[in-house]
Amino acid sequence: MFTRRALLVLVCFALVLSLSGSILAAKKVVITYGNFSAGKDNEPTLNAMKAAFEKAHPDIEVKLQSTGYGEYFRVIQTQVAGGTAPDCYELNYENFVTFAAKNVLTDLGPLFQSAGMDFDAYDENALRAFNYKGKQFGVPVSYSVVLLFYNKDLFDKAKVPYPTNDWTWKDVIEAGKKIRALGDDIFGIIQGVHFWEFYKVIEQNNGSLFNADHTKFTVNSPENVEALQYMVDKVIKYNIEPTQAQKSNQGDWDLFSAGRAGMLITGNWAFTYMKENAKFPWDVVVEPGNKRKACHFFSNGLVINKASKNKDAALKWIKWLSSSRESCTLRVNAAWETPPISDPEIIKLYTSQTPPDNRKAVFESLKYLVTPPVVEQFNEMAQIIDVQLQKARDGEKTPKQALDDAQKELEQKIKL
Amino acid sequence: MYAGRGGRRALTIAVFLLPTIVGFVLFSLTPILRSLYLSFTSWDILQPAEWVGTENYRQLLTSDEFWRVMGNTAEYIVLYIPLMLVSSLAVASLLNRRFRGVLVYKVLFFLPVLTSWVAGSLIWRWILNYKYGIVNALLGFVGIKGPAWLDDRLWAMPGIVLASVWKDVGFFGLIFLGAIKGINTDYYEAAAIDGATPWQRFRHITLPLVSPTTFFVLVTSIINSFQVFAQVMIMTDAGPAGATQVIIERIYRYAFQFYKMGYASALSWILFAMIFIVTYVQWQFQKRWVTYDA
């Protein structure tokens, strides 16, 4: 008798609980957002974005799950495997392809359609990066390009005219030599000899890592050998770029902002740092090419976890975060990369800020963009090439030998 | 009712052991067995594991990389073990003397043991800096132009060895100190009366009588050396040009950056087999040189 009554009470209690639970849930949906690109510098900006969104959408609460870049992709991958991934999260282009290929993302096309939204607001290049095999698995949230930064003081002292968008490798070497002559501790340029520079520099020389249909590696092609020769010559032959020993553990940005390098190849994400740390006039131009121009294009995108139970709310958040004027204005004012939208107002806001004066170089670079050469075993490929590039950089192997060896190892280990 | 005291005793023991056993089974034994299974599969975390038989082992043992990495690890061990043994014995002998402030020195030598490898590695990157480092400055005083250490493929591994000896000498020194303190002072007195020099006393009394400790230190430090990792990741990131790639670093890279869990598991089991064999061989050879009758 007693147990029966107790059971009844329990059932009633559970019913009430679940009811009130669903009422509460209807009141407020909580979604989690995994991200890495805010970092320490832009954490306040991200918090401001979250606050603005929640004010406009009182029925949604966004929980931020922020992780440093170094650990981020491993954390997300483990969470996806363990079924505890955030409802929506940020991915850079390289990792996006891996995740899309593994079928763990939501196709956003139908979701956008049923919500009565479209992709028109986005910059075309940035949007295309998150299309995988014809399906839009992500929307861009920011992008960045790499430019030639230069120290006007050092150019003046060396009596070299400032770089222009028409510069080529030859101009870099000539200017570099004159600036190098200014002092034992002053270098012409800092670019680095590593995978991330290599895949772009070879494109400037009409080279490529793969053949046209991506079925074979062509890492040791004559164009690529010539390109690597250029990179290595700057360090060893002309020494307009510091060797590892000459760098002595100092960061590239530090060397430039300390006034010890005439030119620096780095991304527009360095604007904030240089604004604060470089105590001399500096500016940027589109990066010099050789046979043609080629500029890095990096993009971060937002995706929705395939297993998420709150896809509609997540969709509202990622659409707002990536393309609303409010969020983009916050992003531009914080100089947190570049918003991926074609809104002329936002672009005007971006180019009107200084330094650098020549901010429009960011948009001019888009004409020559090169995306990272993504394959499924991307990290492994990058490391194989990197080891050989370092051997060429340190003079242990000739560029030709180094690339021959890289080619051999890639053919053995990487599936295309 | 019948089990009586014995049964209850066993039960008590079991209850006390339970937390440890549960922890061990859950967090050690299960992953160990699972990694053995995984080493015969191809698994990228996101998609289900696929059985590939001994393919991972075959690929590993026939790759140039594997043998190069073995060579690097061997280089580390060959440089590290003698240097660490000699330094910690020397430190122990020095600290065994009575002088003012000996306690302070004990603390100073032991401090690196408690320091985290991350902090220690970052400091050593500056100590070994080509232009601004202390080591090259000291070498400069005696007219030697120091190498670029961590940026030089020949000197990167010796640089890591130096940092590792600094980190471990306090720990092993303390163990040796314990052993030396345990030696009956009568032996030294007798030897001194017979006219033995300090070196002879060290060579013929101290050294043989601490040999069980030396054996312990040798076994544990070789096992640890096979697993050198943190200092490599932070000081050189396995560079320059792969000159300091070592086994655990490769396991980490394959598992968590290249997402080849099966391959990484196979490498772990090969590492286990090697450590097992080396330790077994040491155990067999100890009879030749270890004296247990102190």
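This is a predicted model: local features need pLDDT of at least 70, side-chain atom pairs count only at pLDDT 80 or more; totals for chains, interfaces and linings use all residues.
Q: Which residues of helix 4 of chain A are called buried, and what covers them?
A: Tyr93(A), Phe96(A), Val97(A), Thr98(A), Phe99(A) and Ala100(A) are buried. The term requires 20 or more other C-beta atoms within 10 Å of the residue's own; 12 or fewer makes a residue exposed, and counts in between make it partly exposed, with C-beta atoms placed from the backbone. The cover includes strand 3 (88–92), strand 4 (131–132), strand 10 (295–304) and helix 18 (378–393) of chain A.

Q: Where does the side of domain 1 of chain A that touches domain 2 of chain A get its largest share of residues?
A: Domain bounds come from an automatic or database domain assignment, which divides chain A into domain 1 (25–142 + 300–352) and domain 2 (145–297 + 356–413). In domain 1 of chain A, 13 residues are in contact with 15 residues of domain 2 of chain A; contact is defined by C-beta atoms, placed from the backbone, that lie within 7 Å. Helix 4 of chain A gives the largest share of this side of domain 1, 5 residues.

Q: Why does Ala335(A) count as partly exposed, and why is Ala238(B) called buried?
A: Ala335(A) has 19 C-beta neighbours inside 10 Å and therefore counts as partly exposed. Ala238(B) has 22 other C-beta atoms within 10 Å, so it is buried. Phi is positive at Ala335(A), about 55°, and at Ala238(B), near 70°. Ala335(A) is in the loop between helix 15 (325–333) and helix 16 of chain A; Ala238(B) is in the loop between helix 11 (230–235) and helix 12 (247–257) of chain B.

Q: What is omega for the cis peptide bond between Thr354(A) and Pro355(A), and for the cis bond from Pro355(A) to Pro356(A)?
A: Omega is about -15° between Thr354(A) and Pro355(A), and near -5° from Pro355(A) to Pro356(A). Pro355(A) lies in the loop between helix 16 and helix 17 (361–365) of chain A, and Pro356(A) also lies in the loop between helix 16 and helix 17 of chain A.

Q: Why are helix 2 of chain B and helix 13 of chain B called roughly perpendicular?
A: Helix 2 (residues 55–62) and helix 13 (residues 261–285) of chain B pack at about 70°, with axes 9 Å apart. Angles of 65 to 115 degrees count as roughly perpendicular, under 35 as roughly parallel, over 145 as roughly antiparallel and the rest as oblique. The pair is therefore roughly perpendicular. Asn56(B), Tyr57(B) and Leu60(B) of helix 2 meet Gly262(B), Tyr263(B), Ala266(B), Leu267(B) and Ile270(B) of helix 13.

Conventions: Residues are numbered from 1 along each chain as its sequence is written. Chains are lettered from A and ligands numbered from 1 in the order in which they are written. Axes are lines fitted to C-alpha atoms, for helices over the stretch in contact, and angles run from 0 to 180 degrees between N-to-C directions. Helices (H or I, at least four residues) and strands (E, at least two) are DSSP runs, numbered from the N terminus. Two residues are in contact if their C-beta atoms, placed from the backbone, lie within 7 Å.
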